Amino acid sequence: MKVHPNLMAVADLIGTWEGEGTGSYPTIDDFAYRERVTFSSDGRPFFTYRQTTTSPDGKPMHHETGYLRGVGDNRIEWVIVQPSGVVEIAPGEIRPNNGNELHVQSTTTMVGVAPTAKHVEAVQRCFILSEDRNRLCYDLAMAAVGETMTHHLSASLDRVDTTPLD
Ligand code: HEM
């Protein structure tokens, strides 16, 4: 497995993760979803990230894809695109927490929205890699459609394989 030194701290993200999440926002009904995430590396200083979600009965929901760039000194930069017409640029950091847990926290510095997309002003993400590296949880909050920064998503995913594609 080739992992660039800038991302060695989060090398255990590489692989495929599956699990379940829940979502809410002041303007919509609460919902549940299933999720599959892959991170892969070809040795350059970024991981390729792909995420798909479905409703509990299997209908496609949110998808997103992009790159987790490792820029040195435990700093990262997310570049994420969504078919809903939203593009995120989000710098952040990798930091240990609670002993051996790892947090990857980021806040957007730029959100691009396509002319017909819902308005999103800012997004905060926190990924938590468990101490045993076999569970990946995250929380996502956003300022969107006129609301201030408010929780939208939480999910808990389990490692289902460690194949480093690319
Ligand atoms: C696991 C990923 C996600 C799932 C399953 C999900 C699901 C949903 C659902 C079911 C709705 C309500 C129906 C709709 O408007 O389509 C919604 C609304 C919305 N979501 Fe998400 N979402 C996800 C990620 C995101 C992300 C990453 C963003 C922004 C960066 C986002 C922004 C929005 C916005 C702006 C709305 C519209 C709220 C409104 O119209 O009042 N979502 N989402």
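This is a predicted model: local features need pLDDT of at least 70, side-chain atom pairs count only at pLDDT 80 or more; totals for chains, interfaces and linings use all residues.
## The largest pocket

The largest pocket has a volume of about 590 Å³. Its lining counts 28 residues. Nearest the centre lie His62, Gln82, Ser84, Met142 and His152.

Strands β2, β3, β4, β6, β9, β10 and β11 each give two or more residues to this lining. The largest share, four residues, comes from β10. By type, the lining residues divide into 16 nonpolar, eight polar and four charged.

## The iron contact

His152 is the only protein donor of the ligand's iron atom. His152 is found in strand β11 and is one of the residues nearest the centre of the largest pocket.

The whole structure holds eleven salt bridges. Glu64, Glu88 and Arg125 are linked in a network. Arg125 meets Glu64 at 2.7 Å, N to O. Arg125 lies in strand β9 and Glu64 in strand β4, so this pair ties together parts 61 residues apart in sequence.

Arg125 also meets Glu88, at 2.8 Å. Glu88 lies in strand β6, so this pair joins parts 37 residues apart in sequence. Relative accessibility is 6% for Arg125, 5% for Glu64 and 2% for Glu88. Each is under 20%, so Arg125, Glu64 and Glu88 count as buried.

Asp12 forms a salt bridge with Arg133, with the closest N and O atoms 3.5 Å apart. Asp12 sits in the segment before β1, and Arg133 in the loop between β9 and β10. They are 121 residues apart. Asp12 is partly exposed at 36% relative accessibility, whereas Arg133 is buried at 16%.

Technical notes: Residues are numbered from 1 along each chain as its sequence is written. Side-chain values use heavy atoms; hydrogens and water are left out. On a 1 Å grid over the protein atoms alone, a cavity is a set of points where a 1.4 Å probe fits but cannot get out, and a pocket is an open set with protein on both sides within 12 Å along at least five of seven lines; lining residues have an atom within 4 Å of a point. Grid points are joined across faces, edges and corners, and a volume is the space filled by probe spheres set on the points. Ala, Val, Leu, Ile, Met, Phe, Trp, Tyr, Cys and Pro count as nonpolar, Asp, Glu, Lys and Arg as charged, and the others, Gly among them, as polar. Donors are N, O and S atoms within 2.8 Å of the metal (3.2 Å for Na, K and Ca); water is not among the atoms, so sites may look incomplete. A salt bridge is a side-chain nitrogen of Lys or Arg within 4 Å of a carboxyl oxygen of Asp or Glu. Buried means under 20% relative accessible area, exposed over 50%, partly exposed in between (1.4 Å probe, protein chains only).
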